[in-house]
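Welcome, and thanks for taking a look at this one.

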Amino acid sequence: MKIILCLDDNNGMLFNNRRQSRDSVVVEDILNSINGEKLNIFSFSSALFSSFRDKINEIETVDRIGTYFIENVDVTPFIGDIEELIVYRWNRVYPADFVCGIDFSSFTIKSQVELVGNSHDKITKVVYGR
């Protein structure tokens, strides 16, 4: 299973049930990263992918197979099933009341690249593997 996350520097994901940020460059990069595979998302994230309905599956639960973009669900129960983890870092600290609990030290960095986004001058994409 592959998980895709957007995090701030403190691993924050949400504040008051809202995403901390959004960026169209990240959405495009996510879709390019899945190599034609369908992206599994929760309805919470559907607004980000509204122009790409043919490339997504809206889901209600994680079945641990495929690629998932997750913004509002605790990913720690899936740690043992994650083969690849893609993290987009905003390189900022935002207020957060929902934080990613993954211990990234259990993964190996496969690649890292800096993106220039629409909302952020620097977005760091880190691909982790096992």
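## Cavities and a buried residue

By class, eight nonpolar, four charged and one polar residue make up the lining of the second largest cavity. Keep in mind that the model you see is predicted. This cavity has 13 lining residues, and those nearest its centre are Cys6, Arg22, Asp23, Leu48 and Phe69. Helix 1, spanning residues 24-33, contributes the most to that lining, with three residues.

How many cavities of 30 Å³ or more does a search of the whole structure find? The search finds two. Here they are by volume and lining class:

| Cavity | Volume | Lining by class |
|---|---|---|
| Largest | about 70 Å³ | four nonpolar, two polar, two charged residues |

The lining of the largest cavity consists of Cys6, Met13, Arg19, Gln20, Ser21, Ile70, Glu71 and Trp90.

Now to a residue of helix 1, namely Ile30. Is Ile30 buried or exposed? Ile30 counts as buried because its relative accessible area is 1%, and the cut-off for buried is under 20%. Leaving aside residues up to four places away in sequence, Ile30 is in contact with Ile4, Leu39, Phe49, Phe69 and Tyr88. Between the C-alpha atoms of Ile30 and Leu5 the separation is 9.9 Å, with the two residues 25 apart along the chain.

Technical notes: Residues are numbered from 1 along each chain as its sequence is written. This is a predicted model: local features need pLDDT of at least 70, side-chain atom pairs count only at pLDDT 80 or more; totals for chains, interfaces and linings use all residues. Side-chain values use heavy atoms; hydrogens and water are left out. On a 1 Å grid over the protein atoms alone, a cavity is a set of points where a 1.4 Å probe fits but cannot get out, and a pocket is an open set with protein on both sides within 12 Å along at least five of seven lines; lining residues have an atom within 4 Å of a point. Grid points are joined across faces, edges and corners, and a volume is the space filled by probe spheres set on the points. Ala, Val, Leu, Ile, Met, Phe, Trp, Tyr, Cys and Pro count as nonpolar, Asp, Glu, Lys and Arg as charged, and the others, Gly among them, as polar. Helices (H or I, at least four residues) and strands (E, at least two) are DSSP runs, numbered from the N terminus. Buried means under 20% relative accessible area, exposed over 50%, partly exposed in between (1.4 Å probe, protein chains only). Contact means heavy atoms within 4.5 Å.
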